[in-house]
Amino acid sequence: MWWNRNCAFHNRKERDTSDLLLWAADYLSEFQRTHQVLTPPALSNGVPPSSTWCPPPPGKLKLNSDVAIENVSPLGCMPMYKKRYNISTDVFVGRPLVLTKLHYSQLIIALEELKSSLTGSLFSLFDYHKALRDSVNDPAKYGFKVGGTSCCGAGSHRAGSCGHVTNDYELCFNPNEYVFFDGGHHTDKANGQFADLMWNGGPNNVVSPHTIKDLSDLEILPVTTTTTKISSRKSGRGFNN
């Protein structure tokens, strides 16, 4: 999808949506087959290896594996896709939105599997799809004046040619009034808001089950006089679905 998005942005030939779905399904199937082949066989005695935490050697520290990730943006609300599908209003493009929702549903499944298999690991999932969609739907609520048109560019929604050497394009006076700087990228103000959400969290469980700040707040637990166990704060929340 990212490759297709870049093709649209740079006015190159894209994959047809149905072809992209078939390709994604084949790619997933190939990954699953490879994963099965590379999965180690069960132990002959049926006893799994111990996953009990062990202290590190003297003078060393051991940390749990913490991962921060975001889902795919709502591609159908981006100016470049509105131009690509000849949408003249602020209505979102349906097909790209369907793809991103399918991606998100599979991402939730994959993260739940990782959460079960990687004991002690913690995850932070930022619902980038919702955060961006909310900003575009109601820009004034988040301190913007324009949600669906770029600050810089030409044509429908100013979606193309920003910074082009030979083609004419428009440039807004104040980028901070816009969610998008060009057809496929946000302004610094929008990026700053998303970064703050990833760090501190926000309403409607936009970050789950932990914020990045949660992952950085490490709790130090004494184990012996010479070693220290370090683990992240835990939460009972699951991934926002």
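Leucine 102, which belongs to helix H4 (residues 94–117), counts as partly exposed because its relative accessibility is 43%; buried here means under 20% relative accessible area, exposed means over 50%, and partly exposed lies in between, with a 1.4 Å probe and protein chains only. Helices (H or I, at least four residues) and strands (E, at least two) are DSSP runs numbered from the N terminus. Together with Leu21 and Val98, Leu102 makes a nonpolar surface patch of about 250 Å². Such patches are made of residues with over 30% relative accessible area and no salt bridge, like charges being joined within 9 Å and nonpolar side chains (Val, Leu, Ile, Met, Phe, Trp, Tyr) within 5 Å, and the areas come from the Shrake-Rupley method with a 1.4 Å probe, where for residues only the protein chains shown count as cover.

The model is predicted, so that local features need pLDDT of at least 70 and side-chain atom pairs count only at pLDDT 80 or more, while totals for chains, interfaces and linings use all residues. Residues are numbered from 1 along each chain as its sequence is written, and side-chain values use heavy atoms, with hydrogens and water left out.

## Aromatic pairs and charges over rings

The structure holds four aromatic pairs, where rings of Phe, Tyr and Trp (its six-membered ring) pair if their centres lie within 6.5 Å, and planes under 30 degrees apart count as stacked, over 60 as edge-to-face and the rest as tilted. One of them is the stacked pair of tyrosine 81 and tyrosine 85, with 6.5 Å from centre to centre and 20 degrees between the planes. Tyrosine 81 counts as buried because its relative accessibility is 4%, whereas tyrosine 85, with a relative accessible area of 27%, is partly exposed. The pair of phenylalanine 126 and phenylalanine 194 is tilted, because the ring centres are 6.4 Å apart and the planes stand at 50 degrees. Since phenylalanine 126 lies in strand E2 (residues 122–126) and phenylalanine 194 in helix H6 (residues 188–200), this pair ties together parts that are 68 residues apart in sequence.

Arginine 84 lies over the face of tyrosine 85, at 5.4 Å from the ring centre, and the charged end of lysine 189 sits over the ring of phenylalanine 144, 4.9 Å from its centre.

## Helix H5 and its surroundings

In helix H5 (residues 128–137), the buried residues are Tyr128, His129, Ala131, Leu132, Ser135 and Val136. These buried residues of H5 pack against strand E1 (66–70), H4, E2 and H6, where contact means heavy atoms within 4.5 Å.

## Salt bridges

The count comes to three salt bridges, each defined as a side-chain nitrogen of Lys or Arg within 4 Å of a carboxyl oxygen of Asp or Glu. Lysine 130 and aspartate 134 meet in one of them, at 3.0 Å from N to O; being four residues apart in helix H5, lysine 130 and aspartate 134 are separated by about one helical turn. Lysine 130 is partly exposed, with a relative accessible area of 25%, and aspartate 134 likewise counts as partly exposed, at 22% relative accessibility.

Lysine 145 and glutamate 177 meet in another salt bridge, at 3.4 Å from N to O. This pair links distant parts of the chain, 32 residues apart, with lysine 145 in the loop between H5 and strand E3 (152–153) and glutamate 177 in the loop between strand E4 (170–171) and H6. Lysine 145 is exposed, with a relative accessible area of 63%, whereas glutamate 177 is partly exposed at 25%.

Arginine 158 forms a salt bridge with glutamate 170, the closest N and O atoms being 3.9 Å apart. The two residues are twelve apart, with arginine 158 in the loop between E3 and E4 and glutamate 170 in strand E4. Arginine 158 counts as buried at 18% relative accessibility, while glutamate 170, at 47%, counts as partly exposed. Phi of arginine 158 is near 50 degrees, a positive value in a residue other than glycine.

Serine 161, which also is not a glycine, has a positive phi of about 70 degrees and lies in the loop between E3 and E4. A cis peptide bond, with omega of about -10 degrees, joins serine 208 and proline 209, and proline 209 lies in strand E5 (residues 207–209).

Technical notes: Lys NZ or Arg CZ within 6 Å of the ring centre and 35° of its normal.
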